[in-house]
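Dear colleague,

Please find below the structure that I am handing over to you. My findings follow directly after it.

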Amino acid sequence: MKALVILGSPRKKMNTDSLLNNIILGLKQKEVTVEKIELARQDIYPCTSCGSCEKTGFCNIYDDMTDLYKKFDESDIIIIGSPLYFNSVSSITKIMIDRCQAFWSSKYILKKPSINREKKRIGAFVCTAGASHSEEGYIGAIVVMDLFFRSINTRYQFNFFVDRTDQIFIGDRPDVLKDATELGQKIWEEAAKND
């Protein structure tokens, strides 16, 4: 089983990254092969709304997103981690999502998905917020993630939200880190049902 874990925070070894690392730990305890991508280190250009994907089902921009499309297609589990910025995902996460317009166009406009529709994938969204938030505070990000997961033929099944990270670093919250590791195992359990 393969998991693709994407860090959409510009800061490594901080809150979102720490959560993802513990989720990865839970996945690896179940012998899942994990690849982690740091979007801040990728060369991904914004969508130019050129309309090419509406005719071909594929993006005509060739950058690091080209490999990422293949990784989405090959993965059984896709986990996106992003801090909450202005009640949505970070800009680098949104650029990646916007570039999945190619999948959306192939699926909904051309009716010929350029991503394997037969493969059953499980999706999870991990989000950290500096301020105190109720679940309603994440609604903007949830709506974006729902459309993203649908476009890549992935069942959006798990959310993991942690707030007050400006006051308490994730690394100082062992209960939250434990929950993240257990989430990795739960995601594996759900994905294993697809086999």
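Cys59 is buried, with a relative accessibility of 17%; buried stands for under 20% relative accessible area, exposed for over 50% and partly exposed for what lies in between, with a 1.4 Å probe and protein chains only. The closest cysteine sulfur to that of Cys59 belongs to Cys50 and is 6.6 Å away, too far for a bond. Cys127 is in no disulfide either, since the nearest cysteine sulfur, in Cys100, is 18 Å away, and Cys127 is buried at 0% relative accessibility. The structure as a whole holds zero disulfides, a disulfide being a pair of cysteine sulfur atoms within 2.5 Å.

Please note that this is a predicted model, in which local features need pLDDT of at least 70 and side-chain atom pairs count only at pLDDT 80 or more, while totals for chains, interfaces and linings use all residues. Residues are numbered from 1 along each chain as its sequence is written, and side-chain values use heavy atoms, with hydrogens and water left out.

The largest nonpolar core has 34 residues, and Leu68, Phe72, Met96 and Phe148 have the most contacts inside it. Such a core is a set of buried Ala, Val, Leu, Ile, Met, Phe, Trp, Tyr and Cys residues joined through side-chain atoms within 4.5 Å. Among the elements that each supply at least two residues of this core are strand 1 (2-7), helix 3 (64-74), helix 4 (91-98) and helix 6 (139-151); helices (H or I, at least four residues) and strands (E, at least two) are DSSP runs numbered from the N terminus. Helix 6 gives the most to this core, with six residues. A second, separate core of 25 residues includes Val5, Leu7, Val126 and Leu183.

Helix 4 and helix 6 also pack against each other: their axes come within 10 Å and cross at roughly 35 degrees. Here axes are lines fitted to C-alpha atoms, for helices over the stretch in contact, and angles run from 0 to 180 degrees between N-to-C directions. Lys94, Met96 and Ile97 of helix 4 make the contact with Val144, Met145 and Phe148 of helix 6, where contact means heavy atoms within 4.5 Å.

Ser49, at about 55 degrees, lies in the loop between strand 2 (33-38) and helix 2 (52-56) and is exposed at 66% relative accessibility. Phe86, at about 50 degrees, is in the loop between strand 3 and helix 4 and is exposed at 87%.

With kind regards
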